[in-house]
Amino acid sequence: MKFIYNFGEGNADGAANQKGLLGGKGANLAEMTRLGIPVPPGFTITTEVCTYYMKHNTYPKDFDTQIATSLNKIEKIMNQRFGSVENPLLVSVRSGARQSMPGMMETVLNVGLTKDTIPGLIAQSGDKRFVYDAYRRLIMMYSDVVMEKAQGLTSKNGIDIREELEGVLTEYKKSKGIDDDTKLTAEDLKFLSSKFKEHIESALGKAFPDNAKDQLWGAIAAVFKSWNGKRAKTYRHIENIPDEWGTAVNVQTMVFGNMGESSATGVAFTRNPATGENHFYGEWLANAQGEDVVAGIRTPNPLNVNSTTSESIHLPSLEQENPKIYDVLDKVKNQLEVHYHDMQDLEFTIQKDRLWMLQTRTGKRNGAAAIRIAMDMLDEGLISEDEALMRISTDHLDEIMHETVHPEAEKNADVLATGLPAGPGGAFGHIVFTAEDAEKWHALGKNIILIRNETSPEDVHGMHVSSGILTAKGGMTSHAALVARGWGKCCIVGCSDLQINLKNKSVSIHNITLKEGDIITLNGSSGNVYANELSLEKPDLKNNQYFNKLMDISDRRRTLKIRANTDREEDASQARQFGAEGIGLCRTEHMFFEPERISAMREMILSTDKESRRNAVMKLLPFQRDDFYGILKAMAPFPVTIRLLDPPLHEFLPHTDSQINSLSKDMNVPTSEITSRIAALHESNPMLGHRGCRLGVMYPEITEMQSQAIFEATTKLKKEGLNPFPEVMIPLVGSAPELSNQRKHIINIAKKVQQSESIQFDYSVGTMIELPRACITANEIAEVAEFFSFGTNDLTQTTYGFSRDDVSTFLPYYIDKNIIKGDPFQSIDQNGVGELVKIGVQKGRSTNANLKIGICGEHGGDPKSISFFHKTGLNYVSCSPFRVPIARLSAAQAAILHNL
Ligand code: PEP
Ligand code: MG
């Protein structure tokens, strides 16, 4: 079996399409090598070896022979030997999962450097200081990553080995009066290396392996084991990455960006990842190793003029400093974009004026950038319309609909500090200083801003629950910036004025001190920080040309119509602006709680004879007519589905003594009578009780009043020259006779209104399908319905037998124990509830080919469910107004995926 894939000198065993086997990094290193791009030679150990190792705690047979052969191949290309005294080869050992997990797993650099190979490397590089610096870095990294974390050795001194060695270094610098690492001489570093080794042996009870092969095997095992490290697991959980994927390991010739001033290292994006502009964008550091750029210890230089920030504006760019190399890098960038047809995130190293590419991968970008890049690449002819649509996730779209700091509020506020705008949008919240505190405050339901000197992968759980992130250090490609951008979070980095005091849980900025819990606001688009809460505002999507273009393409591609659920005129207008093509659910019950209406409602419910009930209910007619007038007007000529009264009547009853007293006066009946009527209306299972169409069947005057209000509003609008289209919808129907019963009343009223107003109008009558029986007898129901609208909230409740209001009592436990995959009230349960929907559609259309079918449960705004509804052949989905653009994109993506 093939466990290892080699790459180097223009040849590679693997290719970009083998991410599952070689991980993203390995697959792309192979691809770049094939493209003739300069990549240091190396090999990738497959993810299959990782899963084998996890299961058996040992390697598969023949694995060691394959390692030896592959190492030999690199040695031939490089004309060096691993472990050789004269001409040693050094390698890096890095993780690389199928999906990028930045910083979550381990890396060991400079593997193969031992006391024996040191002279050879000094002869190669001519730089003794560089070699001892690399050696002490290896010792520190190896003792931490391999010996302590992977092999589980613990220091007898009770502190982390890395911290202990840092202490040795600090002590030494103090004794020599040195304040900066760069001032350490070769002799200092040589001395420190042997001190480190002594400390490791005494603290961990095991010596640092001064042998190239041992180092290599130790590093490979450590990378595999880091797949199951705490932070990798947390990240996988958040990102939904399966545990069984495993990581690949890349063993690759070391190239050094820290071999003097003609060497450098950098990271870049082929386009700006924050705005999407088509500008090469990146950062670099002369005489440094890759980790130095990401760690945010030094402020990196800009790659070119388009990459400058307020922090780096005075620093020379690579374009100015080394135009020749910049030119080569720029060509590689163009080649990679044309090849991958997507924005790439690159890592490069320049060793003595020679460029090496260490990585390319699809660049993470925020929502605004994702949309712009896809639309630009479509214009540039790099991708097709379908590819452009599939490039944008619904989360990206959600993100650009997020809030920003209100410009007026910001104009009048004093800027407390400024950093780099790493993740756009605005956020305010209570400040906390550790990831753990972020979780605690979040559990209390608070908005949080997490403030750190710099973040590390250990902080991801706290970053995830924060509304915004603010760091004192780091550049645009620092850990905080990358992670926040990936999640579309507001983030400011490199805000160097912050003086964080972790002990007191406070931060000082100039002469202002803020404590944990104080509120600040971040503008992640400008980098400004404010010492109070500023109001946020929704984005201006109307004038966003990229958003509009995306929506246009989505609309051309989708076949599902998109409607909105709303019962307010303003929301209906908002929904229409977002592209809604009608209202799929106008719930009428919310309309009855205003003071003038609730007393008439109560009177109606508590009346004991038909006459007084009718008198009471007719008091509601003018209110309802106005409600419907506004909504139908906002949507005309699109259809508006108005659902007649649905909830159990007792929801409207008076609860307090004063409410009962006031009702008794209004109705002129004793309070005792009201109390006994309330008691009579009590139900043990109101969700399965006197609700839905059962109300209209028992009290047809409710149906009649609501229908009359709908049709009078329609008539008024018709007279004003508009063309409204009401669809009257009956809730909670379980059998055809229930619907026929209600339909009769509605048609009757429509005729009466048309006659008395002498005007004709269009309307239709249909039903919600939200009970299993309705799905199963849909063929009968469809004979008396013009439309169906699946009420998947109630259908989920009645199919699972889960109370939709109390499900949180056990659902998290079920999800945790893998008894259920996710919340079925959020994403449709395709095997159960979905199957009933399919039956309902098929049976319904079997007797009524023209039946219009939609869905108006919460699932109408969920991308996965939308895909299912598309496949099932529905005509439309209806969701909340702010989800409409997301539903438009999801419907287009569903059409592409299901090839229709
Ligand atoms: C439903 O049950 O899915 C529905 C849309 O109605 P409601 O949520 O009002 O019960
Ligand atoms: Mg319902």
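Colleague: Which residues does Arg 236 touch, not counting residues up to four places away in sequence?

Modeller: This is a predicted model, in which local features need pLDDT of at least 70, side-chain atom pairs count only at pLDDT 80 or more, and totals for chains, interfaces and linings use all residues. Residues are numbered from 1 along each chain as its sequence is written, chains are lettered from A and ligands numbered from 1 in the order in which they are written, and side-chain values use heavy atoms, with hydrogens and water left out. A contact means heavy atoms within 4.5 Å. On that basis, leaving out residues up to four places away in sequence, Arg 236 touches Met 101, Trp 227, Asn 228, Ile 241, Pro 242 and Asp 243.

Colleague: Is Arg 236 buried or exposed, and with which side chain does its own side chain make a polar contact?

Modeller: Arg 236 sits in helix H9 (residues 230–239); helices (H or I, at least four residues) and strands (E, at least two) are DSSP runs, numbered from the N terminus. Buried means under 20% relative accessible area, exposed over 50%, and partly exposed in between (1.4 Å probe, protein chains only), so at 1% Arg 236 is buried. A polar contact is a pair of N or O atoms within 3.5 Å; within protein, one must be able to donate a hydrogen and the other to accept it, and residues adjacent in sequence count only if both atoms are side-chain atoms. At 3.0 Å, the side-chain partner of Arg 236 is Asp 243.

Colleague: Which side chain is joined to that of Tyr 530 by a polar contact, and at what distance?

Modeller: Tyr 530 belongs to strand E25 (residues 528–530) and is buried, with a relative accessible area of 2%. Beyond its neighbours within four places in sequence, its contacts include Ala 413, Asp 414, Ile 520 and Asn 523. The polar contact joins its side chain to that of Glu 410, at 2.6 Å.

Colleague: Where do the buried residues of helix H34 lie around its axis, and over what arc?

Modeller: In H34 the buried residues are Val 833, Gly 834, Leu 836, Val 837, Gly 840, Val 841 and Gly 844. They lie on the same side of H34, because the arc they cover, taken from the directions from the helix axis to the C-beta atoms, is only 155°.

Colleague: What do those buried residues pack against, and which residues are exposed on the other side of H34?

Modeller: The packing partners of the buried residues are helices H30 (772–776), H31 (778–782), H32 (792–800) and H35 (863–872), with strands E32 (787–790) and E33 (852–855). In H35, Thr 872 touches Val 837, Lys 838 and Val 841, residues up to four places away in sequence being left out. On the other side of H34, the exposed residues are Gln 842 and Ser 846.

Colleague: How far apart are the end C-alpha atoms of H34?

Modeller: The expected span of a helix is 1.5 Å times one less than its number of residues. The 15 residues of H34 (residues 833–847) should therefore span 21 Å, and this agrees with the separation of the end C-alpha atoms, which is 22 Å.

Colleague: Which residues are exposed on the other side of helix H25 from its buried ones?

Modeller: In H25 (residues 657–667), Ile 660, Leu 663, Ser 664 and Met 667 are buried. These fall within an arc of 105° seen down the axis, so they line one face of the helix. Their cover includes helix H22 (595–606) and helix H26 (671–681). Exposed on the other side of H25 are Ser 658 and Lys 665.

Colleague: Which residues come nearest to ligand 1, and what percentage of its exposed area does the protein bury?

Modeller: Of the 13 residues around the ligand (a heavy atom within 4 Å of it), Arg 587, Arg 643, Gly 791, Asn 793 and Arg 804 come nearest. A polar side-chain atom of Arg 587 lies 2.7 Å from a ligand oxygen atom, while an N or O atom in the side chain of Glu 770 is 2.9 Å from a ligand oxygen atom, as is a backbone N or O atom of Asp 794. Taken alone, ligand 1 exposes 290 Å² (Shrake-Rupley method, 1.4 Å probe; for residues, only the protein chains shown count as cover), and the share that the protein buries is 96%.

Colleague: Which element gives the most to the shell around ligand 1?

Modeller: Strand E28 (583–587) and H32 each supply at least two residues of that shell. With three residues, the element that gives the most is H32.
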